[in-house]
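Subject: Structure for you to look over

Hello,

Here is the structure I promised to pass on. Please open it next to this message and follow along.

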Amino acid sequence: MSLDIWPPVSSHELKTQIQETQNRELDWFITEVLAVCTELKHGLEDCYALLAPIEPGTTLVMSTPRNERVKGTITRIGTRIVKGSLNIQLRTVPAQTLTVSSTNPIHIPALDGVFTHLTQSIDLLGIILSEKKPDAAALSSTLSVLAEALSESTALLKGPAGLIDSDPKWQTGSCPAHHFSPAIGPSLSVFVGIQDSCIVLSLRALEEANAPVNFGLKLGLAIGTVRRLEHDEMDVTFRYDPKGDGSTDLQSSNQRRLPKQPTSAKPANGMDVYVREKVRVESADASLISLFAKLGYLSHSLGQARRNLAAVMGTEYQA
């Protein structure tokens with residue numbers, strides 16, 4: 001059985017008609033992709049609204065389960081913690097209340113990074129949709145950049161692979177004293193991060209590595225009247241900078257920096273310390289959970305459009 005074309009055409013004319021058909025198919029599919037881009041832009045604008053600095057913000061309870069070593073609330077507006085009062089009752093430092101300064105809110109670097117990616121993605125989609133007929137190759141390249149931005153935003157909301165209270169960034173990224181009123185001393189590290197769309201607060205009671213050990217403490221440990229607090233960072237010397245790296249401070253929209261990748265190198269400034277005690281507190285944020293889900297759906301839709309466009313163009317799809 002054979003398949004013939006009637007009326008018969010020459011091989012050259014057949015190639016021309018095949019090319020014209022492919023071009024028409026590509027033009028049609030570019031129109032379909034632009035429709036997907038319109039939906040993506042609306043979806044990202046909804047995501048942007050979830051991080052917009054709109055009052056009164058989101059108030060979260062921050063308390064340790066089954067005890068009251070940490071108890072209080074914080075209020076997040078956009079990418080900042082603008083209000084908070086935490087009653088701290090650790091075993092190795094005097095009881096105190098941490099109050100976030102009204103003039104120096106705490107910026108969360110991961111959320112700043114998500115905000116930057118969302119802003120850039122919306123601007124990029126606006127440029128794409130402003131063109132009457134974008135080139136297929138340029139459109140494919142732009143969608144690849146957009147997919148990378150969405151993937152990085154999702155990763156920032158997901159957080160590091162391990163527990164955030166073991167993240168080495170606390171050594172340089174802890175909140176400096178001026179974020180609190182009254183200011184905290186260098187013996188307490190307060191590190192704020194994101195893990196699984198939850199706000200995570202890691203507190204560490206610190207002691208200088210070269211500080212003399214109290215004789216009463218030595219005797220209590222020897223005879224068993226003083227119980228040693230065991231944790232995964234005990235007996236390890238860390239280089240801690242109480243002044244921070246500026247990631248929690250105010251940055252204008254054109255100066256927002258994406259979070260730096262964790263490094264094993266010790267910070268040049270600071271002091272060598274031991275971690276005497278550490279506490280982790282987390283609170284689920286409904287807005288961040290919704291943001292994570294929306295970004296996942298948008299990434300899936302974008303991935304389908306990219307795969308189909310690559311198939312029509314006859315190129316290899318790269319995730």
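Below is what was found in it, topic by topic. Please keep in mind that this is a predicted model.

The sheet

Start with the open sheet of four strands. Its order is β6-β7-β9-β8, and the pairing is antiparallel. β6 (188-195) and β8 (238-240) are the edge strands, each pairing on one side only. On average, neighbouring strands in this sheet are turned by 40° against each other, direction ignored.

Look next at β7, residues 198-208. Glu208 faces Val273 in β9. Arg204 has Lys278 of β9 as its bridge partner. Strand β7 is mostly covered, with nine of its 11 residues buried.

β7 also pairs with β6. That pairing is antiparallel and covers eight bridges. Here Gln195 stands opposite Cys198 in β7.

The turn between β6 and β7

How many residues lie between the strands in the hairpin of β6 and β7? There are two. Asp196 takes a positive phi there, near 55°. Ser197 is in the loop between β6 and β7, and its phi is also positive, near 60°. Is Ser197 buried or exposed? Its relative accessible area is 4%, so Ser197 is buried; the cut-off for buried is under 20%.

Other backbone points

Most residues other than glycine have a negative phi, and most peptide bonds are trans. The exceptions deserve a look.

Arg66 has a positive phi, near 65°. It sits in the loop between β1 and β2 (70-77). Arg66 counts as exposed because its relative accessibility is 83%, and the cut-off for exposed is over 50%.

Two cis peptide bonds are listed here:
- Glu55 and Pro56 are joined by a cis bond with omega about 5°. Pro56 lies in the loop between α1 (11-50) and β1 (58-63).
- Ser181 and Pro182 are joined by a cis bond with omega about 0°. Pro182 lies in the loop between α4 (170-173) and β6.

The helix pair

Turn to α3 (residues 136-158) and α6 (residues 286-313). Their axes come within 9 Å and cross at roughly 155°. Angles over 145 degrees count as roughly antiparallel, so α3 is roughly antiparallel to α6. The crossing of α3 past α6 is left-handed. What kinds of residues make up the contact of α3 with α6? The contact residues divide into 16 nonpolar, five polar and two charged.

Aromatic rings

The structure holds four aromatic pairs. Trp28 and Phe29 form one of them, at 6.1 Å centre to centre with 50° between the planes, and this pair is tilted. Phe29 counts as buried because its relative accessibility is 12%.

Ring pairs also link Trp170, Phe238 and Tyr240 into a cluster. Two of these names lead back to the sheet: edge strand β8 spans 238-240.

Where to begin

I would open the view on β7, which has β6 and β9 beside it in the sheet order. Then go to the hairpin of β6 and β7, and on to the crossing of α3 and α6.

Best wishes

How values were computed
Residues numbered from 1 in each chain as written. Predicted model: local features only at pLDDT ≥ 70, side-chain atom pairs only at ≥ 80, totals over all residues. Heavy atoms only, no water. Pairing = 2+ DSSP bridges. Axes fitted to C-alpha atoms, helices over the stretch in contact; angles between N-to-C directions. Buried < 20%, exposed > 50% of the residue type's maximum accessible area, 1.4 Å probe, protein only. Phe/Tyr/Trp six-rings, centres within 6.5 Å; stacked < 30°, edge-to-face > 60°. Parallel < 35°, antiparallel > 145°, perpendicular 65-115°, else oblique. Left-handed = near helix turned anticlockwise from the far one by under 90°. Nonpolar A, V, L, I, M, F, W, Y, C, P; charged D, E, K, R; others polar.
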